[in-house]
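I opened this structure to take notes on a few things. The entries follow in the order of looking.

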Amino acid sequence: MSAADLAKAMASEDAETRRLALRAIAEELPEGSAEHLLRGLGDPDWRVRKEAARATAQVAVALGMLPALVGAIAQGENVGLRNAALEVVETLGEAAEAALVAAIPASIGPSRKFLVEALGGARGASATAVLSEASEDDDPNVAAAALDALARVGGPIAERALRKRLASSDPFQRLAALDGLNRLAAVVPMAELQPLLGDRLVRRVALPSLGRSRAAEAIAPLVDALAEPSASVIDTALLALTRLATDAPPLAALIAERVSVVPMRARAAMRQALGEDRPRDVRIAAARVVALARDLDGLAGIVALIVDDALPPDVLEALSSWGEQAAPMLLALAEHSEGARRAVALELAGDLAPLDGPLAERVRLAMRDALRDPAPSVAAAAARSLARFGTAGDVPALVALAESAPGDVARASGESLSALVSRAADAVDRAVSDTQLAGHGGSALVGVVATLGGPHALERLRAALSSDDVATRRAALEALAQVPTHQAAELAAMALADEDVDVQTTAASALGSMRDEPARSVAVESLRLALASDSPRVQAAAARALGVLGDASAVESLRELVRSRAPGVATAALEALRAIHDPTLDNLLVESLGHLDTEVVKQALLAIHEQGGARAVSRLAVALAHAHWDVRRLAATLLGGLGTAESRAMLAAHRATETDDLVRSTIDAALGVDTNGHRGGERS
Amino acid sequence: MSILHDTGPRMRVEEFRLLRDLVNGFCGIAFQDDAMFVVERRLRERLQALGLPDYGAYHQFLRYHPDARAEFERAVDVLTTNETYFFREDYQLKGFRDEVLPVLRAQAESRKRLVLWSAGCSTGEEVYTLAILVERSGLFEGWDVRVFGNDISRRVLVGARRGVYGPSSFRAMPPEYDMYFVDGPDGRQVHPRIRAMCHFGHLNLVEGGRTAIVGRVDAVFCRNVLIYFDSLSRRRVIDTFYERLHPGGYLMLGHSESLLNVSTAFEVVHLSTDLVYRRPLATPLFRSSKGDRP
């Protein structure tokens with residue numbers, strides 16, 4: 001595009017034409033580009049300004065536009081221009097910092113405020129000193145802008161400056177400083193927060209800081225806030241209490257003690273916060289506090305969260321401490337709800353109720369009733385609970401469901417029947433012996449046959465192996481693994497010739513679990529043949545099974561498979577060779593470190609680590625430069641495990657350049673430093 | 001296994017990250033770190049169905065199994081919530097009915113064809129809602145009207161094509177639209193006349209090329225779908241919408257979604273009840289070397 005074309009396009013009344021012209025600038029830089037970009041930053045159309053900001057960020061330094069950008073920020077007439085210039089400066093970051101710092105001393109009033117804001121957006125390393133000074137500016141607007149900017153820049157100096165202003169005589173500065181510290185997720189000592197709690201203006205903003213304080217003194221003001229009329233204050237208090245309990249687990253008991261005696265108003269507020277109209281993080285926080293308070297009336301909200309799979313494991317754990325007192329309420333809830341909610345309420349009642357007495361009987365009756373529920377989730381929940389509560393009388397109904405119900409219900413019924421074998425073996429045996437395992441419903445019952453055992457078990461499983469249903473044949477093979485006789489091994493070996501690959505892989509896995517003679521010999525022989533299968537999946541399953549059996553005679557074949565084109569096979573072969581402790585792996589491992597598939601590389605790293613020796617550290621350290629984070633993380637874990645001075649030095653050197661947070665935290669754990677890179681006890 | 005005494009396999013943080021990356025690469029959906037336990041619980045049924053012992057084995061399945069693509073679809077199916085209902089976010093639909101449809105009628109007059117696209121349609125309620133609104137407007141009689149819905153989940157598409165819904169799907173529907181449904185033993189079914197206007201397809205929105213089968217459209221509804229995507233995939237999907245829209249065509253997003261930091265190619269249109277986006281009508285004088293793309 002020529003300069004004339006550019007000028008013509010920028011003079012167009014059509015915003016799209018101006019936008020496309022600006023887009024083209026960065027590639028061609030015709031004469032007058034800087035002036036047109038600046039005009040574009042102040043264009044009346046937001047799309048043009050956005051395009052101008054993007055283009056300017058690419059070329060501002062090269063075209064010497066920084067003074068003009070600083071001027072655009074300092075001016076007070078065109079808000080669009082200022083915001084677009086601010087966006088450019090934020091993108092440029094440290095490159096724009098010097099120009100801004102140089103302009104601040106000579107500026108006054110709103111211009112000074114705008115420049116301070118921009119300096120916060122640039123987030124440069126040396127901005128904090130200038131901003132700290134500006135936070136004490138005589139102009140309250142400049143000081144407030146500096147506090148906000150410090151919160152954007154972050155770091156220890158910014159935190160110190162913000163904490164200093166918590167003691168300001170100006171309540172708005174205290175507010176801005178505390179808000180900034182909240183945004184930085186800074187931990188403010190309780191002694192500095194305490195004076196602010198009497199300040200009505202600041203008190204609400206102090207709630208998140210109290211949550212991070214890890215101090216027992218924070219509990220009372222947070223619990224008191226639950227009785228406030230504002231829903232947003234209650235939400236914040238709940239989130240803060242959750243944070244306190246998570247960051248300082250010993251405080252959970254104190255919080256529980258306190259929230260269990262809150263006034264009715266606060267209790268009602270906690271339940272309301274569980275409502276589906278509230279943000280999910282608030283609902284989860286409320287569930288955590290309700291669980292600590294053992295508030296029975298909050299159970300409906302907790303059940304709704306479990307249905308959504310949204311309740312974290314620690315809240316479930318807190319719930320498990322409620323004991324049987326919750327069971328009647330849950331049974332009532334189940335009675336008045338349907339579908340997934342009914343299923344969850346029932347199953348929770350079963351989890352919490354005792355196994356004997358009148359309450360157990362109520363649960364048992366409710367479960368029997370629910371077995372007939374048309375919703376599969378309810379029937380499956382009931383079947384699962386009957387594993388604990390069921391009696392011989394429940395066996396026929398469970399067998400019927402195992403034979404004919406859809407997937408989850410059948411599976412749950414089969415598992416319950418297996419559990420019932422220990423309490424009602426005769427009833428289960430009678431009921432199962434009348435069933436056709438070769439039919440479609442056999443898959444849920446073959447496990448029961450294996451659990452029952454006895455002289456006829458193998459014969460029955462054999463019948464199931466002839467089923468025309470793949471799931472039943474696979475289940476029969478899994479069951480055969482529980483009766484590892486010579487004959488069972490022969491049956492499983494035959495299944496390696498099944499027409500279905502899934503059945504073949506299941507057969508290989510089953511053979512891998514037959515570790516005792518004479519079944520083991522049959523297993524090894526057939527698995528070695530399976531290593532030559534046409535299917536990479538069967539090869540992989542056979543390799544893993546041979547590894548589990550620890551059969552050294554398969555080493556040569558497995559070594560060949562390490563060079564397989566199928567990465568799944570190569571991975572499995574390496575895994576097996578590791579398990580067998582092949583002493584001649586060395587060259588193969590070095591070769592595998594260069595494999596394109598990360599799983600192969602990871603297996604090689606594990607084997608290198610297991611071999612140990614002088615070369616292990618340098619070989620593992622090579623993998624710290626791997627392109628994939630999971631390989632680097634494993635290498636870091638293994639180097640950390642070696643714990644030698646050399647391995648620690650390798651990790652320390654790599655940490656500075658590591659970009660992945662998970663790998664960095666692994667290195668930190670190995671080096672015994674916290675996640676900010678400080679050694680234990682060291683804090684800025 | 002029970003809710004409180006869960007003895008099922010646990011997901012390690014590394015497995016979560018590996019699975020998350022795989023799912024993201026497949027369909028652009030992004031999970032934050034705090035979603036690990038949700039992913040763990042929802043994928044557990046897949047482990048059971050496949051007979052796999054742990055999430056490491058599931059990761060290997062998705063990497064190496066010949067049926068991995070089908071399994072990805074099943075995984076996405078259990079990982080994403082599909083809940084929707086008729087006349088969801090009705091303030092936007094009112095704006096669409098009263099202010100957008102008349103504009104589209106004028107713009108498409110020569111074609112006598114109106115095509116609407118419900119991207120990420122789940123069980124189909126939005127598709128049928130749009131068809132009902134068009135039918136009810138009376139503006140397009142004698143036109144070729146098509147409402148196309150796509151989703152990445154084959155399971156929800158089966159339900160969408162069937163068009164039979166339970167009470168919860170009707171929780172926000174004004175009673176004046178009851179006439180477009182027929183009561184049946186399994187629920188209320190969408191009237192055959194409306195169903196005939198609607199089409200469904202199995203499309204992954206981040207696979208931009210395949211979406212060409214939708215053809216050129218007059219409006220795209222993509223509401224509460226982009227929230228699941230990472231920024232790169234979001235940009236890619238918006239690019240696709242831009243390409244598929246006729247000049248002057250509209251893009252409707254969910255109430256919590258915007259094109260901020262995603263695309264500047266669309267212009268903002270202020271309706272009386274909402275803010276929506278439009279592909280500009282004007283033909284640009286200049287094209288960048290990358291073409292007329294957002």
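I looked up the sheet in chain B: it is open, has three strands in the order β3-β5-β4, and its pairing is antiparallel. Strands are DSSP runs of E of at least two residues, helices runs of H or I of at least four, both numbered from the N terminus; two strands pair if DSSP finds at least two bridges between them. β3 (164–165) and β4 (181–184) of chain B are the edge strands with a single partner each, so one side of each has no neighbour in the sheet. I found four bridges between β4(B) and β5 (residues 187–190) of chain B. V182(B) is opposite Q189(B) in β5(B).

I noted the basis. This is a predicted model, where local features need pLDDT of at least 70 and side-chain atom pairs pLDDT 80 or more, while totals for chains, interfaces and linings use all residues. Residues are numbered from 1 along each chain as its sequence is written, chains are lettered from A in the order in which they are written, and side-chain values use heavy atoms, without hydrogens and water.

Next I checked where the chains meet. In contact (heavy atoms within 4.5 Å) are 49 residues of chain A and 44 of chain B. I counted eight salt bridges between chain A and chain B, a salt bridge being a side-chain nitrogen of Lys or Arg within 4 Å of a carboxyl oxygen of Asp or Glu. One joins D309(A) and R42(B), at 3.1 Å, N to O. On the side of chain A that touches chain B, helix α2 (residues 15–28) gives the most, six residues.
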